[in-house]
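Here are my notes for someone opening this structure for the first time. Have a look at the model, then read the points below alongside it.

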Amino acid sequence: MSRLDGPRLSYTDDDGIHRELALVEESPRVTVGRARDADIGFASDHDVALLHAAIEWTGTHWTIVDDGLSRTGTFVNGERLSGRRRLQAGDSIGIGSSVLTFLDTAPSGDSAGIADAMPTRTALTPAQQAIVIELCRPFKGRAAACKPASNQQIAEQLFVSVETVKTHLRTLFAKFGVEDLPQNRKRAKLAERALQSGVVTDRDL
């Protein structure tokens, strides 16, 4: 498979030239912005922030991230992005006056497997592993009536800030494919998937 048969971004640069950038797991973060060192640069568009957004590989799929660094925002299929969102083939990404299209011509038969794939323990950083363990700790012994630990509880156990916990959880939601669920279901589904997949075991708890 050639590099441009897989996931890639299609866009028109500042000089009006159509370009395609292949997305590869070996380079898991692609930055978009007005800065000279951005991977995709729109230097002449003053509606684009220096670091406007990033496209990141989570271990199972590509996502787009805008953590509020841009004044004008990032739009996916016309909807303003808040935080992180999984990219689907054909998604249109609006940044300033420019539009990028996420393309992926992988065989459609692979899509279900990709959607159901979950990361292994080695796909998580030590900080992410620690946080997902604390999230699942109330389920020790598979206690069905329990709720996942709160951000405050996790922060106190790990001696980190609540904001740090939130940042890592956003990444974990994406890695486990639950980022598109309603806010009140994400945490429980993340804990469920972490336990089912063996990323968190009873021994951890």
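1. Start with Glu56, which counts as buried at 16% relative accessibility (buried is under 20% relative accessible area, exposed over 50%, partly exposed in between, using a 1.4 Å probe and protein chains only). Before going further, note that this is a predicted model, where local features need pLDDT of at least 70, side-chain atom pairs count only at pLDDT 80 or more, and totals for chains, interfaces and linings use all residues. Residues are numbered from 1 along each chain as its sequence is written, and side-chain values use heavy atoms, with hydrogens and water left out.

2. Where does Glu56 lie? It lies in strand S5 (helices, H or I with at least four residues, and strands, E with at least two, are DSSP runs numbered from the N terminus). Leaving aside neighbours within four places in sequence, Glu56 is in contact with Pro28, Arg29, His61, Trp62, Thr63, Val65 and Arg84 (contact means heavy atoms within 4.5 Å).

3. Two arginines reach the side chain of Glu56. A polar contact of 2.8 Å joins it to the side chain of Arg29, and one of 2.9 Å joins it to the side chain of Arg84 (a polar contact is a pair of N or O atoms within 3.5 Å; within protein, one must be able to donate a hydrogen and the other to accept it, and residues adjacent in sequence count only if both atoms are side-chain atoms).

4. How many salt bridges does a search of the whole structure find? The count is ten (a salt bridge is a side-chain nitrogen of Lys or Arg within 4 Å of a carboxyl oxygen of Asp or Glu). One of them pairs Arg29 with Glu56, at 2.8 Å from N to O. This pair links distant parts of the chain, with Arg29 in strand S3 (residues 29–33) and Glu56 in strand S5, 27 residues apart. Arg29 is partly exposed, at 44% relative accessibility.

5. Another salt bridge joins Arg121 and Asp204, whose closest N and O atoms are 2.8 Å apart. Arg121 sits in the loop between helix H1 (111–116) and helix H2 (126–136), and Asp204 in the segment after H5, so this pair ties together parts 83 residues apart in sequence. Arg121 itself is partly exposed, with a relative accessible area of 37%.

6. For a local pair, look at Glu192 and Lys189, a salt bridge with its closest N and O atoms 3.2 Å apart. Both residues lie in helix H5, three residues apart, or about one turn of the helix. Glu192 is partly exposed at 34% relative accessibility, and Lys189 is partly exposed at 21%. Elsewhere, salt bridges that share partners join Arg29, Glu56 and Arg84 into one network.

7. Asp45 is buried but has no salt bridge, and Arg34, the nearest side chain of opposite charge, is 7.4 Å away (Lys and Arg count as positive and Asp and Glu as negative; His and the chain ends are not counted). Asp45 is found in the loop between strand S4 (40–41) and strand S5 (53–57). Its side chain does make a polar contact of 2.7 Å with the side chain of Ser97.

8. Asp91 is also buried without a salt bridge; here the nearest side chain of opposite charge is Arg85, 4.9 Å away. Asp91 is in the loop between S9 and strand S10 (92–95). A polar atom of the Asp91 side chain lies 2.8 Å from the backbone nitrogen of Gln88. Not counting residues up to four places away in sequence, Asp91 touches several residues, including Asn77 and Phe102.

9. Two loop residues are worth a check. Asn77 has a positive phi of about 55 degrees although it is not a glycine, and Asn77 lies in the loop between strand S7 (74–76) and S8. Phe159, also not a glycine, has a positive phi near 60 degrees and is found in the loop between helix H3 (151–158) and H4. Asn77 is partly exposed at 44% relative accessibility, whereas Phe159 is exposed at 76%.
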